[in-house]
Amino acid sequence: MTPEMREKILDAARSWIGTPYRHQCSVKGQGADCLGLLRGVWREVLGAEPEAVPAYTADWSEPSGQERLWRVARRHLVAVPVCPARAGDVVLFRMRRRGVAKHLGFLGPAKAGLPTVLHAYSGKGVVETPLTRAWSRRIVAQFEFPERRG
């Protein structure tokens, strides 16, 4: 992915900071969950979303063990090796050791020695926080936006 594309992604993601957390929403300033943030940035950078998003539960199919979010990410994003941290990449998190991957965010540039992550987090809204060891150890996959849709 080009540096210009990474910058567009980061600028778009940062423009959502302060948007309150709202499950299944994707409206800047009104509400977004982590997928809603990704969808909003996609629309700003690439245009129309590649597919309709069906209703989903906050547990992301955890009881059934289905990796729904990971499957969709593989379908529309470009998988890259986890690490090194590259600003603008999308990271997918597993919140519990044996749980499904059900949270995602955008990697930001290093601040005070740590990369950051831009994400919509329950109780906090869209924020940019340090990618601490507690967060980085939960990363299970890393992706780039495609340069072009199609």
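Trainee: Where does Pro 84 lie?
Mentor: Pro 84 lies in the loop between strand 3 and strand 4. Keep in mind that this is a predicted model.

Trainee: What kind of peptide bond joins Cys 83 and Pro 84?
Mentor: A cis one, with omega at about 0 degrees.

Trainee: On to helix 3. Which residues are buried there?
Mentor: Helix 3 covers residues 68-76. Its buried residues are Leu 69, Trp 70, Ala 73 and His 76.

Trainee: How do they sit when you look down the axis of helix 3?
Mentor: They fall within an arc of 140 degrees, so the buried residues line one face of the helix.

Trainee: And what covers the buried residues of helix 3?
Mentor: The cover includes helix 2 (34-46). Strands contribute too: strand 3 (78-80), strand 4 (90-94), strand 5 (101-111) and strand 8 (139-144) are among the covering elements.

Trainee: Helix 2 again. At what angle does it pack with helix 1?
Mentor: About 130 degrees, and the axes of the two helices are 9 Å apart. That angle makes helix 1 oblique to helix 2.

Trainee: Is the crossing of helix 1 and helix 2 left-handed or right-handed?
Mentor: Right-handed.

Trainee: Which residues make the contact?
Mentor: Helix 1 brings Met 5, Lys 8, Ile 9, Ala 12 and Ala 13. Helix 2 brings Leu 37, Val 41, Glu 44, Val 45 and Leu 46.

Trainee: How many of those are nonpolar, polar or charged?
Mentor: Eight are nonpolar and two are charged. The contact of helix 1 with helix 2 has no polar residues.

Trainee: Let's pick Val 45. Is it buried or exposed?
Mentor: Val 45 is in helix 2. It counts as buried because its relative accessible area is 12%, and the cut-off for buried is under 20%.

Trainee: What is Val 45 in contact with, leaving aside neighbours within four places in sequence?
Mentor: Met 5, Lys 8, Ile 9, Ala 12 and Phe 145.

Trainee: How far apart are Val 45 and Phe 145?
Mentor: In sequence, 100 residues. In space, 9.2 Å from C-alpha to C-alpha.

Trainee: Now Arg 39. Where is it, and is it buried or exposed?
Mentor: Arg 39 lies in helix 2. It is buried, with a relative accessible area of 18%.

Trainee: What does Arg 39 contact, beyond neighbours within four places in sequence?
Mentor: Gln 24, Ser 26, Glu 49 and Val 53.

Trainee: Tell me about Gln 24. Where is it found?
Mentor: In the loop between helix 1 (3-14) and strand 1 (26-27). Gln 24 is partly exposed, at 33% relative accessibility.

Trainee: What is phi of Gln 24 near?
Mentor: Near 65 degrees, a positive value in a residue other than glycine. Ala 112 also has a positive phi, near 55 degrees.

Trainee: Where is the place of Ala 112?
Mentor: In the loop between strand 5 and strand 6 (114-121).

Trainee: Why does Ala 112 count as exposed?
Mentor: Because its relative accessibility is 86%, and exposed means over 50%.

Trainee: Last one, Arg 97. Where is it found, and is it buried or exposed?
Mentor: Arg 97 is in the loop between strand 4 and strand 5. At 75% relative accessibility, Arg 97 is exposed.

Trainee: How far apart are Arg 97 and Gly 123?
Mentor: They are 26 residues apart in sequence and 22 Å apart in space, C-alpha to C-alpha.

Methods. Residues numbered from 1 in each chain as written. Predicted model: local features only at pLDDT ≥ 70, side-chain atom pairs only at ≥ 80, totals over all residues. Heavy atoms only, no water. Buried < 20%, exposed > 50% of the residue type's maximum accessible area, 1.4 Å probe, protein only. Helix = DSSP H or I, 4+ residues; strand = E, 2+ residues; numbered from the N terminus. Arc of directions from axis to C-beta. Contact = heavy atoms within 4.5 Å. Axes fitted to C-alpha atoms, helices over the stretch in contact; angles between N-to-C directions. Parallel < 35°, antiparallel > 145°, perpendicular 65-115°, else oblique. Left-handed = near helix turned anticlockwise from the far one by under 90°. Nonpolar A, V, L, I, M, F, W, Y, C, P; charged D, E, K, R; others polar.
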